Structures are given as structure tokens and as C-alpha cells.
Amino acid sequence: LPLANGDEVIEEKFESWQKVTWAYELEALGRSAIWCYSATNAHDNRFDVIRILPSAAGRSVVCRGEPTAEFSWFPGYSWSMASCRHCGRHL
């Protein structure tokens, strides 16, 4: 079950902290190239991240906790823990 479809992906490449992220293009969700970010968190866990519109996130993702800018991969943006609204797995 995809959490988002190709129309809900944010197309533009975003500035990211290059010390902990690496941006690359990937064919996914029926799109020829979307920006994906390979990112490492403060505990040295690596994640692959795509940015989606808030409408998709609200429909398929549950965010928990107060958003924080600490350890954010994207300057000027905050994050919080996220899980799948359908199965509860950590994203």
C-alpha cells in the first residue's frame, strides 16, 4: 500500500544538510525521476526519504510528538516521529 501517489510528490529539489544527506533522483510511484534523500539521523540510522504534499501525509501518516528543528535534514523545517496510519509501523 503506497503512502502517496506520484501526483503527491514534491518535485523540486530541496536544500539539505549535506553532512548527513545525499540527494539523488529515483524512478518511483510511476514518475521517471523524483528527488530522494538518503539521510542519517543522530543515532546513525540511514533512511531514504521522499517529500510529499501535506494532504497525502495527513491521509496516510500519523505524526507523534512536538515537531523539532533539532537534527532536521532540511534547513528551516522541523520533523516529528511518523508512523503508517494503516498498520502503525514506524516510517
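Me: Let's start with one side chain: is Trp73 buried or exposed?
Reply: The general idea is a cut-off on relative accessible area: under 20% is buried, over 50% is exposed, and anything in between is partly exposed (1.4 Å probe, protein chains only). Trp73 comes out at 17%, so Trp73 is buried. Bear in mind that this is a predicted model, where local features need pLDDT of at least 70 and side-chain atom pairs count only at pLDDT 80 or more, while totals for chains, interfaces and linings use all residues. Residues are numbered from 1 along each chain as its sequence is written, and side-chain values use heavy atoms, with hydrogens and water left out.

Me: Which residues make up the largest nonpolar core?
Reply: In soluble globular proteins, nonpolar side chains tend to be buried together. A core here is a set of buried Ala, Val, Leu, Ile, Met, Phe, Trp, Tyr and Cys residues joined through side-chain atoms within 4.5 Å. The largest one has eight residues: Ile10, Phe14, Trp35, Tyr37, Ala39, Val49, Trp73 and Phe74. Strand 2 supplies the largest share of this core, three residues.

Me: And in what order do the strands of the open sheet lie?
Reply: Strands are DSSP runs of E, at least two residues long, numbered from the N terminus, and two of them pair if DSSP finds at least two bridges between them. Here three strands make an open sheet, ordered 1-2-3, with antiparallel pairing. Strand 1 (21-28) and strand 3 (46-50) each have a single partner strand, so they stand at the edges and one side of each lacks a neighbour in the sheet. Seven bridges join strand 1 to strand 2 (residues 31-40), and Tyr24 stands opposite Cys36 in strand 2.

Me: How many aromatic pairs does a search of the whole structure find?
Reply: A pair of aromatic rings is described by the distance of the centres and the angle of the planes. Rings of Phe, Tyr and Trp (its six-membered ring) pair if their centres lie within 6.5 Å; planes under 30 degrees apart are stacked, over 60 edge-to-face, and the rest tilted. The search turns up four pairs. One of them is stacked: Trp22 and Tyr24, because the centres are 5.0 Å apart and the planes are at 25°. Trp22 is exposed at 56% relative accessibility, while Tyr24 is buried at 18%.

Me: Which ring does the charged end of Arg51 sit over, 5.4 Å from its centre?
Reply: The idea is that a charge sits over a ring if NZ of Lys or CZ of Arg is within 6 Å of the ring centre and within 35 degrees of the ring normal. For Arg51, that ring is the one of Phe74. The charged end of Arg51 also sits over the ring of Tyr77, 5.5 Å from its centre. Contact means heavy atoms within 4.5 Å; leaving out residues up to four places away in sequence, Phe74 touches Phe14, Glu15, Ser16, Trp17, Tyr37 and Arg51.

Me: What about the backbone: what is the phi of Asp44?
Reply: Asp44 has a positive phi, about 65°, although Asp44 is not a glycine. Asp44 lies in the loop between strand 2 and strand 3 and is exposed at 67%. Phe71 likewise has a positive phi of about 65° without being a glycine; Phe71 is in the loop between strand 4 and strand 5.

Definitions and conventions. Helices (H or I, at least four residues) and strands (E, at least two) are DSSP runs, numbered from the N terminus.
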